[in-house]
Amino acid sequence: MTIEQLDIRDHMAQFAPFDTLPDELLDRVAEQVDVRYFQAGTDLLVKDQPIHELWYLRSGAVEMFKRSGGLFNRLSEGDIFGYSDLLRNNRVRFPVRALEDSLVYFIPEALFQQLCDENDEFSDFVDTGGQRLKATVEEQHRGSDMLTTRVRKLIHRQPLLVEAGMPLQQAARQMREENTTCVLVLDAPEDDWEHSFSGRDNQSWRLAGILTDRDFCTRVLADGISPQAPVSEVMSRDPIAIQSDESVYEAMLCMLRNNVQHLPVLHRRHPIGVLNLPDIVRYETHSSLYLVNNIFHQTDVSQLAALSGEVRTSFARLVRDGANSEMTGQALATIGRSFARRLLELGEAELGPPPVPYCFMVLGSMARDEPTITADQDNALILDDRFDPERHDAYFKDLAAFVSDGLAACGYPYCKGDIMATNERWRQPLKVWKRYFGEWMDEPSPERLLHSSIFFDLASVHGEEEYVEQLQDLIAERAPQRPVFLAAMARNALGRTPPLGFFRTFVMERDGKHRQSINLKRRGTAPLVDLVRIHALACGSKAQNTFARLDDIARTRLLPEGVNERLRHAFELLSMVRIRHQAYDIERNEDTTDNSVVPERLSGRERRHLKDAFEVLSHAQKFLGFRYPMPSKGR
Amino acid sequence: MATRLFSRLSKQVPDWPTYLASRAKDAKDPRLERYYASGTPDPDTPIGEVPLVAMDLETTGLDASRHGIVSIGVVPFTLERIRLSEARYWVVAPRRPLSAESVTFHHITHSEVASAPDLDSVLDELLACMAGRLAVVHYRPIEREFLDAAIHERLDEHLLFPMIDTMSLEAVRHRRRHWLWLRRLMGRPPASIRLHESRQRYNLPAYTGHHALSDALATAELLQAQIARHYSWQTPVGTFWR
């Protein structure tokens, strides 16, 4: 029979798990299918009826119901069902009803068994069917060691510990004997017992500081300090430390973020070692490390701009090495903030010290540690309340322009919505910022919040970090008490919906009638971020990162059981597809890197997973509308 | 007798079981005899219990007296399942010349037809496939007239049997005025377009048309959809055949 004349084979070839079948197997399937039409509303499968075929939905849509009668799953073109019953006991567990007029292809049980036996991808698919989304996300994680390896694995020796009163020279000698590049300085615990631990001598100690070989050069020798002076005089006090069960990746980020080369590792409060940069580099050569280091060594804007190409390549390498979205986002955020910070340092060097203290903050994706390679600059200046526009604004206007132009030169395009410190409105003293946020929350309207919701993701990059913290405190305190504000935010968040219909039209697009792509940011990650932000605001979370916000939300009863996990997986998947496609563009030297995915580039599997993720988002959006209704005016 | 019966077809439904029984007795060709002997179900049989076979012919034109058959697709089915594994498809050489026009229409080339067998040599297989099954076509006159003419030309006997026409089921339902308008036209517009349009009404997917096998499959699906929407599996089969 000339089966190739029928569209059956070509249709199945587009959808998982058939998309991975070799041609010969696919032919065999296409030749053996039976067909039947079901009108909308009719039952396809009734609970407990015998089943001896795999069902493939050629067109239409069906709904699968749980024992309780609730909706278990909604399937559409290219989806298969019945396989779990075939693998189990040939009895239908979940009844299926046609939601739309549907055409079904049936694959006989014997052939289904053959496919499972002969094709690993096929059997993996049917084995993990229910857990599809979760399985892929976890698969991606397994690929990255940095995230799962704990810091303690990199610690091979005890730290050198000295008392605060030890003379510098003696400490230096001990460092020579131990062949180490730093010492940890211990002191008697102060009144707070939180930071103390008992040493081997059974005495209580606390980690008071750290002294590195570089400090001997830059602080002791350079300043002519006596070798007999106590180490406490030149040590870095209250050093940044990390817990021994944190990931190597976290340690790396911690060092990058704080621009330190040595990181004490603690088991509870007890120092068990010191991690230094070469340790990590040895563990995993990681280009973004060098890049950040490089950023801080550049002395003018043109040198910085020359590094921007490396951002793209290190991003692509990170993705290829199997980094997840969190790692990628944090690396890009660290890089982006480092550019801003270095530019501010250079700006200050050129314009002189600031007339009043300030804090330079980033907003949006950069603040959430979730930028992708296409992120533009969203920033603002919070100035000290002593700020006097007449006398001081010229300086900050110039500084803002210097940074903004510099960032643009380094590959961070100007913000189209003019949310930049160069805009006078976003270059204001702290009290004005407090008024802004107060107004947004006390007298909100969806229109008013439409463009300002970006301000609810905020992080300090340089200067007085405390200003941003004050704003974060204000938000966390007030937002949960403002139902109208939450409702207005929720209304805006529902404006962008996931492209659920996209997958049905996909086949039509293949015919070449029109080419279309999905914007994974606009239709996927952005609405999900919006949605999570609202729940986070409602529960008074101060977290900025979407995963961290989900952690905070998980501690409340805001979301029904299981939803938090699903949102997490959906966000990871949407982010990763987006990130991988950007990396793909970069590796192929394509000029345009954007957030769109062309259907041809998606494997059938990716399409299926995306669809799952979009569905999670869609359900969560519906819930959002119910959870944060606009209170009626009378109340 | 056959011609007399045929001329009355449009006005009333012939007594198909009687006609087939009598032809089983007087058919000269053993292949036709066997086919007729397989008979037809009782008109009161519920449609849901009747074995069916969707059939589509591609022809060199629209006039059975001047044009010939180039391909035949048959798909056995019931309302429960369309059995693609039992579907058959033949390219056959018409005894009348193939025009360039019809080539573009069917994608069947001169060389394909040149190497194809005569209908006579595939008749046994074709009739075996149809025996005991009620034929389902989209636009009955083409299949009925072309098949009858081709067999008459070769065997000097008629081949007539009951058919369910999905197009007239559709016309009765949706397009009576359209239907009259269509009949005023001389020939018929390309069949696949009407098949396609009818299918759209039931949300059936679009297939590549003008292929006897895919049109036969499309017709089988359409009948399932029509019965599901407008009739029931209990409706007597005699209601449908002509």
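**Exercise 1.** How many aromatic pairs does the structure hold over all chains?

*Solution.* Keep in mind that this is a predicted model. Counting over all chains gives 31 aromatic pairs. Now zoom in on the pair A:F456 and A:F485: the ring centres are 5.2 Å apart and the planes meet at 40°. Planes under 30 degrees apart would count as stacked and over 60 as edge-to-face, so this pair is tilted. A:F456 is in the loop between α18 (446-450) and β20 (458-463) of chain A, while A:F485 belongs to helix α20 (residues 483-493) of chain A, so the pair ties together parts 29 residues apart in sequence. Both A:F456 and A:F485 are buried.

**Exercise 2.** Find which charged residues sit over the rings of A:Y436 and A:F106.

*Solution.* Start with A:Y436: the charged end of A:R425 sits over its ring, 5.9 Å from the centre. Then go to A:F106, where the residue over the face comes from chain B: B:R81, at 3.5 Å from the ring centre.

**Exercise 3.** Is A:H11 buried or exposed, and is A:D300 buried or partly exposed?

*Solution.* Take A:H11, in helix α1 (residues 8-12) of chain A. Buried means under 20% relative accessible area; A:H11 has 3%, so it counts as buried. Its side chain makes a polar contact of 3.4 Å with the side chain of A:R58.

Now A:D300, found in the loop between α12 (287-295) and α13 (301-306) of chain A. Its relative accessible area is 33%, so A:D300 is partly exposed. The side chain of A:D300 reaches the backbone nitrogen of A:Q303 at 2.9 Å. In sequence, A:D300 and A:L346 are 46 residues apart, yet their C-alpha atoms are 6.9 Å apart in space.

**Exercise 4.** Which residues have the most contacts inside the largest nonpolar core?

*Solution.* The largest nonpolar core has 117 residues, and the ones with the most contacts inside it are A:M12, A:F18, B:L52 and B:I164. Helix α11 (residues 212-230) of chain B gives this core its largest share, ten residues. Next, pick B:I164 and skip its neighbours within four places in sequence: its contacts include B:I47, B:L52, B:L134, B:L223 and B:W241. Last, look for a second, separate core: this one has 65 residues, among them A:V151, A:L318, A:L332 and A:V461.

Terms used
Residues numbered from 1 in each chain as written. Chains lettered and ligands numbered in written order. Predicted model: local features only at pLDDT ≥ 70, side-chain atom pairs only at ≥ 80, totals over all residues. Heavy atoms only, no water. Core = buried A, V, L, I, M, F, W, Y, C linked by side-chain atoms within 4.5 Å. Buried < 20%, exposed > 50% of the residue type's maximum accessible area, 1.4 Å probe, protein only. Helix = DSSP H or I, 4+ residues; strand = E, 2+ residues; numbered from the N terminus. Contact = heavy atoms within 4.5 Å. Polar contact = N/O pair within 3.5 Å; in protein donor to acceptor, adjacent residues only side chain to side chain. Phe/Tyr/Trp six-rings, centres within 6.5 Å; stacked < 30°, edge-to-face > 60°. Lys NZ or Arg CZ within 6 Å of the ring centre and 35° of its normal.
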